[in-house]
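Biologist: Please show me how to read a model like this, one feature at a time.

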Amino acid sequence: MNGTSEAGTAAPAPGRTPTRHPSPDVDHDTFVRTVYDRYGPLLLRYAARLLDGDWHKAEDVLQETTARAWKHAPYLGTRDELVRPWLFTVVRNLVIDHHRSRRLRPLELVPVEELDTLRETSENLLTLHVVLEALQELTEQQRTVIRLMYYLECSVAQAAEHLGIPPGTVKSRAFYALRALRKALEERGVVGR
């Protein structure tokens with residue numbers, strides 16, 4: 001046997017999970033309702049605990065988590081062992097981002113006139129364009145691992161399962177991908193040497 005199936009596609013290596021691809025037939029709304037019903041109260045309590053009892057902010061975190069779940073529904077599927085850890089990781093990351101932003105510049109110090117302009121400035125858009133351009137210089141493997149771990153916020157284990165490779169390989173690819181991206185950004189003058 002030469003490692004191909006009857007359909008002519010390569011069979012996955014023994015002991016490896018085949019790569020998961022997005023399933024386009026996922027009903028996003030049903031998926032989100034299921035996530036909200038099944039995990040909503042747990043995620044809300046978890047977020048409130050991480051936010052020192054701020055239930056209003058915890059509700060915002062839950063809403064953002066649910067929006068991200070809706071966006072990534074085709075990649076997550078319906079398997080509880082993938083969905084649950086992903087949701088809790090997103091909540092934790094959103095809370096960490098909240099704490100960091102509060103430390104850098106508390107919202108009380110931001111003038112009301114600036115609130116709408118903080119997110120989308122022309123400098124941010126230019127930086128985004130340069131980063132996207134730099135990403136094109138990376139290999140497909142490097143772009144894939146960056147997309148999984150930093151855009152889709154997959155854990156190392158989730159990325160490893162998705163790619164069908166060991167977690168150590170995912171860590172190695174992520175390390176070299178970020179190093180290559182940093183070099184490309186340095187060449188463009190976005191980050192210092």
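Modeller: Let us begin with the polar contact: two atoms, each N or O, within 3.5 Å of each other; within protein, one must be able to donate a hydrogen and the other to accept it, and residues adjacent in sequence count only if both atoms are side-chain atoms. Here, a polar atom of the threonine 89 side chain lies 2.8 Å from the backbone oxygen of proline 85. Before going on, note that this is a predicted model, in which local features need pLDDT of at least 70 and side-chain atom pairs need pLDDT 80 or more, while totals for chains, interfaces and linings use all residues. Numbering runs from 1 along each chain as its sequence is written, and side-chain values use heavy atoms, without hydrogens or water.

Biologist: Where is threonine 89 found?

Modeller: Threonine 89 belongs to helix H4, residues 80-104. Helices are DSSP runs of H or I with at least four residues, strands are E runs of at least two, and both are numbered from the N terminus. The chain has eight helices and zero strands, so its pattern along the sequence is α-α-α-α-α-α-α-α.

Biologist: Is threonine 89 buried or exposed?

Modeller: Buried means under 20% relative accessible area, exposed over 50%, and partly exposed in between, using a 1.4 Å probe and protein chains only. With a relative accessibility of 17%, threonine 89 counts as buried. Across the chain, 33% of the 193 residues are buried.

Biologist: How many Å should H2 span?

Modeller: The expected span is 1.5 Å times one less than the number of residues. For the 17 residues of H2 that gives 24 Å, and the end C-alpha atoms are 24 Å apart, which agrees.

Biologist: Which residues of H2 are buried?

Modeller: They are Ala58, Val61, Leu62, Thr65, Thr66 and Ala69. Down the axis of H2 they fall within an arc of 135° (taken from the directions from the axis to the C-beta atoms), so they line one face of the helix. His56 and Gln63, on the other side of H2, are exposed.

Biologist: And which residues are buried in H6?

Modeller: Gln142, Thr144, Val145, Ile146, Leu148 and Met149 are. Valine 145 has a relative accessibility of 1%, and its C-alpha is 9.4 Å from that of alanine 160, 15 residues away along the chain. Tyrosine 150, also in H6, is partly exposed, at 47%. Tyrosine 150 and alanine 174 are 24 residues apart in sequence, with 9.7 Å between their C-alpha atoms. After H6 comes glutamate 153, with a positive phi near 60°.

Biologist: How many of the eight residues of H7 are buried?

Modeller: Six, so H7 (residues 156-163) is largely enclosed by the rest of the structure. The buried ones are Gln158, Ala159, Ala160, Glu161, His162 and Leu163. Just after H7, glycine 164 has a positive phi of about 70°.

Biologist: What is the volume of the second largest pocket?

Modeller: A pocket is an open set of points on a 1 Å grid over the protein atoms alone, where a 1.4 Å probe fits, with protein on both sides within 12 Å along at least five of seven lines; lining residues have an atom within 4 Å of a point. The volume is the space filled by probe spheres on those points, joined across faces, edges and corners. For the second largest pocket it is about 530 Å³.

Biologist: Which residues lie nearest its centre?

Modeller: Of the 17 lining residues, these are Leu128, Leu135, Ile146, Tyr150 and Tyr151. H2 (55-71), H5 (122-135), H6 (140-151) and H8 (167-187) each supply at least two lining residues, and H6 gives the most, with five. The lining has 10 nonpolar residues, one polar and six charged, where Ala, Val, Leu, Ile, Met, Phe, Trp, Tyr, Cys and Pro count as nonpolar, Asp, Glu, Lys and Arg as charged, and the others, Gly among them, as polar.
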